[in-house]
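Morning, everyone, and thanks for coming. Let me put the structure up, and then I'll walk you through a few places I'd like you to look at.

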Amino acid sequence: MASTPMDVDEAPPSLTSLSTTPSLNITRTLGVNVPSTTKVSDVVSAFRPTKLFHRDDVKEGKPQPHILSIDFDDPGELCMTSESDETIQIYNVKDGRHDKSLMSKKYGVKLAKFTHTSSSIIYASTKQNDAIRYLATHDNSFIRYFDGHEASVTSLALHPGSDNFISCSLDNTVRMWNIGSRQWVAKLLLPGPHIAAWDPSGNVFAVALPASGSVILYDYRNYQKTPFAVFDVMKVKGPAELEAAYRGWTALEFSNDGKHLLLGSRLGGHFLLDAFDGTLKAYLKKPGGTRRLAVGESEGGSVESSGDCCFSPDGRYVLSGAKKDLLVWDTLATPDHNKILEPAHVLDDKREAAVVAYNPRYNMFATADQELLFWIPDPHA
């Protein structure tokens with residue numbers, strides 16, 4: 001696995017001495033000549049592409065595989081991708097190097113996520129069947145299969161405080177799982193539930209239903225009851241085109257401060273919703289989407305993605321990929337009279353950022369299309 005050093009790529013000599021105290025608003029920083037604890041707002045405009053990872057194990061004459069998902073472990077020290085050549089790649093964030101490659105040729109792989117233990121992961125299958133697989137990464141051995149879905153899995157959402165998780169599928173079900181049992185704990189029958197997300201407390205989960213143009217919220221302790229809130233995206237779409245209210249959805253995420261709900265779209269912008277009443281706080285306008293498929297769709301793009309937008313850990317910023325450059329919106333900024341919010345920062349990069357994920361502990365994030373790219377703040381910017 002080759003990595004390409006870039007303009008601010010230097011080996012930090014004292015990473016082991018970085019602060020280990022987590023904070024919602026303060027995030028540890030990778031890099032030299034940068035304070036070990038720095039507010040996201042102090043460095044967000046200074047992020048630069050720092051290290052590019054190029055797969056050198058791909059056979060000559062074959063194209064580089066597409067990266068389908070990016071995830072970080074809880075300590076923020078490992079980054080994982082699932083890729084279209086049916087492999088899982090794991091990277092060491094602090095050292096900026098490739099760590100290991102895992103094969104899943106028999107079942108395929110997508111939506112790979114760390115559990116709360118860094119040495120175990122779950123992921124969805126792409127062939128053979130639609131089981132979710134629980135894997136130990138230290139020896140590439142399966143711990144358990146989660147059987148039940150009868151069509152492709154479109155979303156996996158891990159509970160923030162335990163190893164319970166939710167899955168969505170094209171079989172029109174949302175299933176809840178306990179990682180200690182292969183049998184699902186609960187099943188919800190819903191029309192086209194494509195994406196699920198937990199709020200930061202773990203007491204509420206949301207499910208995006210593009211076919212009905214809505215996002216529904218459940219109380220996790222009373223999920224047997226009807227949802228306690230239904231956010232009608234069609235009603236609150238604001239300046240977005242009509243199509244964006246019922247198709248093209250790419251991501252669903254609560255901010256860590258619990259105030260906002262981000263609904264990503266591969267069309268002209270993302271929806272920033274109030275997490276309490278579902279009103280449109282801002283339409284995050286972008287110049288164009290990536291070429292990836294939206295969740296649950298088979299037309300309109302090339303391959304799948306785990307999401308082309310995300311919040312920063314402090315909940316203030318939204319980062320989004322595009323065909324070039326990386327877009328950053330400040331949710332504290334005031335949108336115009338049409339609720340349109342333009343990007344506060346455009347981070348230059350010629351590569352497409354079809355998948356985006358922010359590290360939960362360090363001030364760094366990763367983007368990808370066919371190659372993984374690490375971004376850290378440039379201390380000289």
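Let's start at Arg-351, which is partly exposed in this predicted model, at 23% relative accessibility. Its salt-bridge partner is Asp-349, with the closest N and O atoms 2.6 Å apart. Asp-349 counts as buried, at 10%.

How many salt bridges does the structure hold? There are 20. One that I like joins Glu-304 to Lys-110, at 3.2 Å between the closest N and O atoms. Those two are 194 residues apart: Glu-304 sits in the loop between strands S24 and S25, and Lys-110 in strand S9. Glu-304 is partly exposed, with a relative accessible area of 33%, while Lys-110 is buried, at 4%.

Now look at Asp-369 and Arg-291, whose side chains meet in a salt bridge at 3.8 Å, N to O. Asp-369 lies in the loop between S31 and S32 and Arg-291 in the loop between S24 and S25, so this pair ties together parts that are 78 residues apart in sequence. There is also a network of salt bridges linking Arg-55, Asp-57, Glu-83 and Asp-85.

On to strand S13, residues 153–158. Here 6 of the 6 residues are buried, so the rest of the structure largely encloses the strand. S13 runs antiparallel to S14, joined by 5 bridges, and the two form a hairpin with 5 residues between them. Within that pairing, Leu-158 has Phe-165 as its bridge partner.

Finally, a word on confidence. The chain averages a pLDDT of 90, but over residues 4–27 the score stays under 50.

How values were computed: Residues numbered from 1 in each chain as written. Predicted model: local features only at pLDDT ≥ 70, side-chain atom pairs only at ≥ 80, totals over all residues. Heavy atoms only, no water. pLDDT = per-residue confidence, 0-100. Contact = heavy atoms within 4.5 Å. Buried < 20%, exposed > 50% of the residue type's maximum accessible area, 1.4 Å probe, protein only. Helix = DSSP H or I, 4+ residues; strand = E, 2+ residues; numbered from the N terminus. Pairing = 2+ DSSP bridges. Salt bridge = Lys/Arg side-chain N within 4 Å of Asp/Glu carboxyl O.
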